[in-house]
Amino acid sequence: MARKFITYFDKQGDDYTDELILAVKDKLDTVDNIKHILIASASGESALKLRQAIDDDGITIVNVSHNVGFSGDNESDISPEMIEKLESVGVKTYQGLHAFSGAARGVTNKYGGFSPLDVVADTLRMFSHGVKVSAEISLMAADAGLIPVGEEIMAIGGRAHGVDTAVILTPVNSKNLFNMQIHEIIAMPRD
């Protein structure tokens, strides 16, 4: 048995990035098995803040941004300059289809209805949007070969601007979605 501390923020959607990074650093001080951190940062700003706060060469940080075209045709939410800046401090950036929507969203937008993955996403959102994002980016990064499957990692997400959620999970490739395990919630919004 273990008693662990969870940070709860007031509401989702607010930018709790600085406070979340403090909670992540506190957690990293108590564990030694986390070697990979994923962070969902469309612009890359939160990923840069995380890297500046966690100066540990033994921890790989991967930023997961929106796919090109998410905000508009041929538009990237992260600039080439930011990608270069992140790379210069050792942060990889991944842009790819969202695991829980992707091309299926194009079908439902045109014909209506829902995808089975919409049910998965909405179930995870019952915890928080950031929990959904954390699970989703872990699938995306695992499928891209950027993180190992079967090894505990930390995943950080949120809603809108900044981040408000951090979890420890064991990622899987998307074909094994229901084998993913969320082990701990480090921080999340209460409402």
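**Entry 1: helices α1 and α2**

I looked up how helix α1 (residues 17–28) lies against helix α2 (residues 45–53) and found that their axes come within 10 Å and cross at roughly 40°. I took helices (H or I, at least four residues) and strands (E, at least two) as DSSP runs numbered from the N terminus. The axes are lines fitted to C-alpha atoms, for helices over the stretch in contact, and angles run from 0 to 180 degrees between N-to-C directions. The two helices, α1 and α2, are therefore oblique to each other; angles under 35 degrees count as roughly parallel, over 145 as roughly antiparallel, 65 to 115 as roughly perpendicular, and the rest as oblique.

I noted which residues make the contact (heavy atoms within 4.5 Å): T17, D18, I21, V24 and K25 from α1, and S46, K49, L50 and A53 from α2. These residues divide into four nonpolar, two polar and three charged. Here Ala, Val, Leu, Ile, Met, Phe, Trp, Tyr, Cys and Pro count as nonpolar, Asp, Glu, Lys and Arg as charged, and the others, Gly among them, as polar.

**Entry 2: basis of the model**

I record that this is a predicted model, in which local features need pLDDT of at least 70 and side-chain atom pairs count only at pLDDT 80 or more, while totals for chains, interfaces and linings use all residues. Residues are numbered from 1 along each chain as its sequence is written, and side-chain values use heavy atoms, with hydrogens and water left out.

**Entry 3: residue K27**

Is K27 buried or exposed? I found K27 in helix α1, and K27 is buried, with a relative accessible area of 12%. Buried means under 20% relative accessible area, exposed over 50%, and partly exposed in between (1.4 Å probe, protein chains only). Leaving out residues up to four places away in sequence, K27 touches K4, M154, I168, E184 and I186.

Strand β6 (residues 165–170) runs antiparallel to β7, joined by five bridges; two strands pair if DSSP finds at least two bridges between them. Strand β1 (residues 7–9) runs parallel to β7 (residues 181–189), with three bridges, and Y8 stands opposite M188 in β7.

**Entry 4: strand β2**

I then examined strand β2 (residues 36–40), where five of five residues are buried. H36, L38 and A40 lie on one side and I37 and I39 on the other. β2 pairs with strand β3 (residues 60–65) in the parallel sense over five bridges, and I39 stands opposite N63 in β3.
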